[in-house]
Amino acid sequence: MIEATGLTKRYGAKTAVDGISFSIQPGQVTGFLGPNGAGKSTSMRMMVGLDRPTSGTVTIMGKPYAEHDAPLAVAGALLDAKGVHPGRSARSHLRALAATHGIPERRVDEVLEMTGLSAVGMKRVGGFSLGMGQRLGIAAALLGDPKVLILDEPVNGLDPDGVLWVRQLVRYLASEGRTVLLSSHLMGEMAQTADHVIVLGRGRIVADAPIDRLIASAQTDRVSVRAPEAARLAELLLRVPEVRVEHGADGSLTVEGVPAAVVGRAAFESGVELHELTPVRSSLEDAYLALTRDDVEYRTDAAHAFPPAA
Ligand code: ADP
């Protein structure tokens, strides 16, 4: 369990985290979402004592992280995968970490095995790819067999196999009753991985809800339609108040503002042949974009900065 109360962090005049309160539960995967600069990393750093709150508190298993006698058994974190000496091997890095924290050496082999790094354990970390570095960061986070895992962008730089592996790993760890918090800017991945999401915007909580409920809240009337006489159908539909019609490059129409039944009836009554009539379900991306539309600190030109949900 991770609990924050009025958690605030200011850097000079900049408020990175603005009085947030939340409770992250064990036994499920919680996702931290938000545009760049929303305060996700700062919040995660404060959880493990790498940054000190300006005011408010955050505790892990009931106490500030630094007050635990065996911190690595309480929480493991992947925050900055670059913080490893490049001349060291993965194994010696993990062995040093284990020795400092009184963790038995055999655990090093276990986490190398769990993260698929056994074969490269003796190689210099300086020669690692970004994905291997991420795996090593996850291995370090798992070293103390912690009850709580805090992973900042864990799938960054991983290939599709690695992304799937992280998903399966965090789902498994949560199923064992651990608390798992991960941030990701990949909406599709988050939708498939998290049970619950906390959305941050400009240092504040914009949403804190089960992922299904969040997606359902963004559900609008949207219907995908295919018809040989698409142009005629579009013209008919545009006579209905509040209806918007978008023409797809593949000849399909996306109709917004009315349910599929209304589109079907309009086509039937006008004798327009339909080849497809499909209600479009909202995605986590739709919900996310609706929630954070006003909270993007550095607005990019397009929503395309966030790949579509799978
Ligand atoms: P996120 O992880 O959601 O992208 P961050 O927590 O990294 O957001 O940053 C939140 C805000 O705080 C940003 O505006 C960022 O520029 C600012 N910030 C983060 N760390 C520092 C720092 N060490 N000094 C000054 N400003 C910082």
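This report walks through the fold of one predicted protein chain.

## Ground rules

This is a predicted model, where local features need pLDDT of at least 70, side-chain atom pairs count only at pLDDT 80 or more, and totals for chains, interfaces and linings use all residues. Residues are numbered from 1 along each chain as its sequence is written, and side-chain values use heavy atoms, leaving out hydrogens and water.

## The chain as a whole

The chain holds 11 helices and 13 strands. Both are DSSP runs, numbered from the N terminus: helices are H or I with at least four residues, strands are E with at least two. Along the principal axes, the C-alpha atoms fill a box of roughly 75 × 45 × 35 Å.

Of the 310 residues, 46% count as buried (under 20% relative accessible area, with a 1.4 Å probe and protein chains only). The accessible surface is about 15,400 Å², computed by the Shrake-Rupley method with a 1.4 Å probe. Carbon and sulfur atoms own 52% of that surface. Take the contacts (heavy atoms within 4.5 Å) with a separation of 6 or more: 68% of them join residues 24 or more positions apart.

Two strands pair if DSSP finds at least two bridges between them. Axes here are lines fitted to C-alpha atoms, for helices over the stretch in contact; angles run from 0 to 180 degrees between N-to-C directions.

Strand 8 (residues 196-201) runs antiparallel to strand 9, joined by 6 bridges. Isoleucine 198 has aspartate 208 in strand 9 as its bridge partner.

Another open sheet has 4 strands in the order 11-12-10-13, with antiparallel pairing. Strand 11 (244-247) and strand 13 (276-279) each have a single partner strand, so one side of each lacks a neighbour in the sheet. From one strand to the next, the twist averages 20°.

Strand 10 (residues 222-226) pairs with strand 12 (residues 253-256) over 4 bridges, in the antiparallel sense. Arginine 222 has glutamate 256 in strand 12 as its bridge partner. Helix 10 (residues 260-269) packs on this sheet and touches strand 10, strand 12 and strand 13. The direction of helix 10 makes about 160° with that of strand 13.

Notes
Buried < 20%, exposed > 50% of the residue type's maximum accessible area, 1.4 Å probe, protein only.
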